[in-house]
Amino acid sequence: MLFEGYETGNFYDEMFEADGSPRPCARLLYERIGSVGDAELRRYQQAAEQALLRMGITFNVYGDSAGTEKIFPFDIVPRIVPAEEWLPIERGLRQRVHALNVFINDIYHEQKILKDGIVPRDLIFSAKSFRQACVGLKPVKDAWCHITGTDLVRHGDGKYYILEDNLRCPSGVSYVLQNREIMKRTFPQVFDDSNVRPVGDYPSYLLRTLQDIAPAGTTDPTVALLTPGIHNSAYFEHAFLAKFMGVELVEGRDLVVMNGYVMMRTTKGFERVDVIYRRIDDDFIDPLTFRPDSMLGVPGLMDVYRAGRVALANAPGTGIADDKVIYAYVPKIIKYYLGEDVILPNVPTYVCWDDAERQHVIDNLDKFVVKAANESGGYGMLVGPHSTAEQRDKFKEAIRANPRNYIAQPTLALSRVPVIVEDHFEGRHVDLRPYVLYGKEIFVLPGGLTRVALKKGSLVVNSSQGGGSKDTWVLSC
Amino acid sequence: MLSRLADSLYWMSRYVERAENVARFIDVNTWLSLDLPTGYQEQWSPLISTTGDDALFAEHYHQATKQNVIQFLTFDTRNPNCVLSCVTAARENARLARQYITLEMWEQINRFYFAVQAAAQSATRGFQPRQDFFSDVMTACHLFLGTLYATMSHNEGWHFCRLGRLMERADKTSRILDTKYYLLLPSVDAIGTPYDDLMWAAVLRSTSAFEMYRKRFQQISPDRIVEFLVLDREFPRAIHYCVVNAEGSLHSISGTPARTFGNPAEQQLGRLSAELNYIQVREIINRGLHEFLDGIQVRLNKIGDAITNAFFALQPVPVVSPYPGREA
């Protein structure tokens with residue numbers, strides 16, 4: 001049997017107790033896997049991979065001119081989150097996203113939190129993601145960050161921690177929906193019996209959120225999703241979401257500013273666009289306001305936005321709240337605006353900007369994970385315990401040269417989930433990215449993307465660095 | 001609908017149609033060569049003329065042998081009109097239009113692409129494509145067309161697909177007829193010998209017209225073949241059929257009433273369609289079939305350009321920001 005010899009190691013295993021017995025939430029799945037047999041299970045895995053290939057959910061292998069395409073790795077053993085664990089996660093996310101929206105609005109208006117000395121003023125003005133062009137802007141309902149994908153991890157103590165806030169263009173939700181479709185075909189009986197909460201209605205909620213933020217006075221707003229194009233690694237997701245919302249998928253070259261409005265080029269002339277779900281970074285959305293060399297954006301878009309004639313989701317400027325140094329202040333931010341204690345704690349974070357903390361980080365670099373304040377996708381990162389002396393020296397230099405740009409966190413013992421490795425199971429580390437929508441109301445998708453570091457022992461789950469994904473089952477009881 | 005999307009749908013459809021025509025032409029020629037007596041010179045170079053890539057072929061190959069021609073028209077990606085290039089381009093356009101086309105269409109074009117890609121990979125290792133590869137390509141094209149008809153609403157986007165397909169098909173039928181007719185012409189007087197019959201039948205087979213022709217005219221005769229492939233109103237690969245129905249789609253897209261025009265594409269296509277309505281096969285032959293078909297190809301190209309200008313290439317308006325250089 002496949003689970004024979006499975007080791008949970010010294011890690012928190014999402015499927016098994018420390019003594020090797022399946023957790024109550026995973027018992028049904030465990031039994032099902034036991035009853036289908038090895039060969040059948042591997043066939044399920046292959047069928048899932050073939051379905052992904054057929055659906056073209058692939059990326060190109062660089063340097064291979066023969067046009068080989070690979071799927072993003074997917075493992076059919078789901079990660080299961082029991083209802084009692086999900087409840088605090090959901091409450092914690094609502095609290096956090098609410099507070100961060102109030103924070104961003106404050107930063108671009110009165111800056112009370114700076115005046116009250118809760119967040120250092122210099123920190124904001126030295127942030128690359130602070131947008132002077134956004135000062136004084138009034139997005140509809142003061143909502144700035146409409147779509148959030150927050151990264152959570154579970155540590156060896158069994159508790160969930162917030163690892164990162166992604167408030168710009170978080171991606172991955174299409175995999176949540178797609179993985180679920182495949183899993184329903186793989187384990188229909190288990191679904192029948194275990195009350196897995198559905199995720200398929202996400203596009204409807206997303207569309208409603210986008211319609212909610214349409215400029216005042218627009219009835220029946222036209223929504224478009226702005227993509228960098230087919231060569232972007234998330235293009236599949238852009239097309240997927242546009243399709244399931246029934247909105248236009250546009251590129252910068254499809255849009256033009258005319259008579260004070262954003263228009264798209266159609267076969268019947270120019271048509272007005274009211275809401276743009278843009279999957280292009282601030283830097284690139286308007287070459288007249290931000291980077292002049294951008295070929296992806298729409299010249300003049302920001303002027304229309306300033307005039308309140310088009311809504312952008314997320315609003316430009318939200319990046320200020322996912323600067324990794326600002327992240328360290330989020331518990332204080334929540335306390336300041338909402339008067340509440342943080343429900344989902346941060347990972348303890350050392351800010352290299354602070355002299356004492358920096359010295360501590362540099363002295364103990366082999367124990368820390370160091371991250372650049374403005375990078376994502378697993379770039380600009382040092383995993384201390386897995387690093388070479390040479391890599392550490394490079395980082396020491398980089399930190400000293402630009403302390404504002406670095407934070408450090410203790411290396412976490414991320415929880416693990418079994419994955420199929422050839423003919424048996426092995427534990428691999430995972431994180432969890434749930435998605436939160438913020439329009440007229442807050443919606444937390446019951447589920448999320450479980451990313452798994454497929455390399456043995458690796459803690460880096462990003463798809464660009466050898467990560468894969470799993471379905472996430474949030475149970476309703 | 002979005003101009004760029006219409007453009008993608010139009011080209012997706014054209015490339016699938018092109019792949020089907022190239023595959024069929026190779027297939028028919030292969031079977032024909034089996035029927036011909038040993039020592040009879042096989043005709044492979046005309047296949048290249050039907051995609052209009054003679055110069056490109058000459059650049060890369062010395063001789064129009066069977067193997068060279070098949071390689072050039074099937075897997076040689078230096079040739080933008082080979083089967084692999086067409087399927088790749090069709091899929092890229094489908095990807096651009098992915099939020100618009102149905103999942104069934106997308107999956108079919110993907111399956112198709114991966115199958116051709118796999119055959120191309122084994123070809124690089126020296127394996128010639130199996131003969132049923134070409135019929136598989138045709139079947140895959142038909143399946144795609146089937147999913148297009150059966151799963152997608154027959155809306156504006158669908159009409160762009162149909163428009164692209166019919167424009168491509170009219171062009172290919174005219175080229176196949178043009179090339180083959182001139183090769184066979186010296187033998188017109190010797191009609192009735194078994195090989196001539198076979199070769200004229202091959203012209204019909206190359207356009208999938210053999211069975212339908214038999215039902216209409218029974219006996220093989222060059223004039224009637226021309227009549228059937230150019231002027232038939234019911235056979236879906238006849239030039240007349242393609243032009244009339246392309247015109248229908250164009251009017252469905254624009255909403256302009258029939259027999260009027262709202263843009264140069266409609267004007268030119270309408271004019272061509274009117275001519276085909278009333279011309280007789282004798283006139284075509286007397287005027288010179290080659291000149292006539294060449295004229296059709298030139299006009300189809302112009303109509304293609306007019307379609308691009310009318311629907312895909314909306315000119316941008318320059319914008320000047322009142323806040324120049326707000327942020328560095």
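Domain bounds here come from an automatic or database domain assignment. The model is predicted. Chain A is divided into two domains on this basis. Domain 1 of chain A covers residues 216-309. Domain 2 of chain A covers residues 351-410. Taken over C-alpha atoms, the centres of these two domains of chain A are separated by 37 Å.

Chain B also has an assignment into domains. Its domain 1 runs over 1-152, and its domain 2 over 154-313. The C-alpha centres of domain 1 and domain 2 of chain B lie 21 Å apart. The two domains of chain B are in contact. Domain 1 of chain B brings 26 residues to this contact, and domain 2 of chain B brings 26 residues. On the domain 1 side, two helices of chain B, α1 (3-35) and α2 (45-49), each supply at least two residues. The helix α1(B) gives the most to that side, with 17 residues. The side of domain 1 of chain B that touches domain 2 of chain B can also be described by residue class. It holds 14 nonpolar residues, 6 polar residues and 6 charged residues.

Backbone geometry was examined next. One peptide bond in chain A is cis: the bond from Ala313(A) to Asn314(A). Its omega is near -15°. Asn314(A) belongs to the loop between β13 (311-313) and α12 (324-327) of chain A.

In chain A, Asp220(A) has a positive phi of about 50°, although it is not a glycine. Asp220(A) sits in the loop between α8 (202-212) and β7 (223-226) of chain A.

In chain B, Ser208(B) is a residue other than glycine with a positive phi, near 60°. Ser208(B) is placed in the loop between α9 (194-206) and α10 (210-217) of chain B. For Ser208(B), 17 other C-beta atoms lie within 10 Å. A residue is buried at 20 or more such atoms, exposed at 12 or fewer, and partly exposed in between. Ser208(B) is therefore partly exposed, with its 17.

Conventions:
Residues are numbered from 1 along each chain as its sequence is written. Chains are lettered from A and ligands numbered from 1 in the order in which they are written. This is a predicted model: local features need pLDDT of at least 70, side-chain atom pairs count only at pLDDT 80 or more; totals for chains, interfaces and linings use all residues. Two residues are in contact if their C-beta atoms, placed from the backbone, lie within 7 Å. Helices (H or I, at least four residues) and strands (E, at least two) are DSSP runs, numbered from the N terminus. Ala, Val, Leu, Ile, Met, Phe, Trp, Tyr, Cys and Pro count as nonpolar, Asp, Glu, Lys and Arg as charged, and the others, Gly among them, as polar.
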